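Subject: Handover of a structure and its findings

Dear colleague,

Please find below the structure that I am handing over to you.

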Amino acid sequence: LSGWIGLEQLDAASSQIIDSFKAWAESKYGSVGRAFVAMDTDGGGSLTSDELRRACRRLKWEGNSSLLFEALAIDRHAITYHNI
């Protein structure tokens, strides 16, 4: 036992979707931060659920953008650079 509890133990679906997005972002953009910048086309520093869905489709990430939004949007309104 490590004494640590990971997201995979608390919420396996969120862990899997975040891992999938992270792997895609790192392979395509070099980092999740750079992927966020590419997704944030209006430069507002945040992504609503609709913005995230459109960006995922445009940039060809094939994961479930709704699940990703739920996993990352702390306030349920938007994902910010600091959430990722």
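In what follows, a residue is called buried when its relative accessible area is under 20%, exposed when it is over 50%, and partly exposed in between, with a 1.4 Å probe and protein chains only. By that scale Ser 65, at 12% relative accessibility, counts as buried.

Two remarks on the basis of these findings come next. The model is predicted, so that local features need pLDDT of at least 70 and side-chain atom pairs count only at pLDDT 80 or more, while totals for chains, interfaces and linings use all residues. Residues are numbered from 1 along each chain as its sequence is written, and side-chain values use heavy atoms, with hydrogens and water left out.

The chain as a whole

The chain contains five helices and two strands. Here helices (H or I, at least four residues) and strands (E, at least two) are DSSP runs, numbered from the N terminus. Read from the N terminus on, the order of the elements is α-α-α-β-α-α-β.

For 84 residues, a compact globule would have a radius of gyration near 12 Å, and the chain agrees with this at 13 Å. This radius is taken over C-alpha atoms, and the globule rule is 2.2 Å times the number of residues to the power 0.38. The C-alpha trace spans about 45 × 30 × 20 Å along its principal axes.

Of the 84 residues in the chain, 31% are buried. The chain exposes about 5600 Å², and carbon and sulfur atoms supply 52% of that area. Accessible areas come from the Shrake-Rupley method with a 1.4 Å probe; for residues, only the protein chains shown count as cover. Among contacts in the chain with a separation of 6 or more, 43% are accounted for by residues 24 or more positions apart. Contact means heavy atoms within 4.5 Å.

Helix α2 and its two partners

Two packed helices are described by the angle between their axes and the distance between the axes. The axes are lines fitted to C-alpha atoms, for helices over the stretch in contact, and angles run from 0 to 180 degrees between N-to-C directions. Angles under 35 degrees count as roughly parallel, over 145 as roughly antiparallel, 65 to 115 as roughly perpendicular and the rest as oblique.

Helix α2 (residues 12–29) packs against helix α5 (residues 65–72) at an angle of about 105 degrees, and their axes are 9 Å apart. The two helices are therefore roughly perpendicular to each other. On the α2 side the contact involves Ser 14, Ile 17, Ile 18 and Phe 21, which meet Leu 67, Leu 68, Ala 71 and Leu 72 of α5. These residues divide into seven nonpolar, one polar and no charged. In this classification Ala, Val, Leu, Ile, Met, Phe, Trp, Tyr, Cys and Pro count as nonpolar, Asp, Glu, Lys and Arg as charged, and the others, Gly among them, as polar.

The axes of α2 and helix α3 (residues 32–39) come within 8 Å and cross at roughly 80 degrees. That makes α2 roughly perpendicular to α3. From α2 the contact draws on Phe 21, Lys 22, Trp 24, Ala 25 and Tyr 29, and from α3 on Val 32, Arg 34, Ala 35, Ala 38 and Met 39. Eight of the residues in this contact are nonpolar, none is polar and two are charged.

Ala 35, in helix α3, is buried with a relative accessible area of 0%. Leaving out residues up to four places away in sequence, Ala 35 touches Trp 24, Ala 25 and Tyr 29.

Selected serines

Ser 15 is found in helix α2 and is buried, at 7% relative accessibility. Beyond residues up to four places away in sequence, Ser 15 touches Leu 7 and Glu 8.

Ser 65 belongs to helix α5. Apart from its neighbours within four places in sequence, Ser 65 is in contact with Leu 52, Arg 53 and Cys 56.

Ser 49 lies in helix α4 (residues 49–59) and is partly exposed, at 31% relative accessibility.

Loop residues with positive phi

Lys 60, in the loop between α4 and α5, has a positive phi near 70 degrees although it is a residue other than glycine. Its relative accessibility of 61% counts as exposed.

Arg 76, in the loop between α5 and β2 (79–80), is likewise not a glycine and has a positive phi of about 70 degrees. Arg 76 is exposed, with a relative accessible area of 54%.

Yours sincerely
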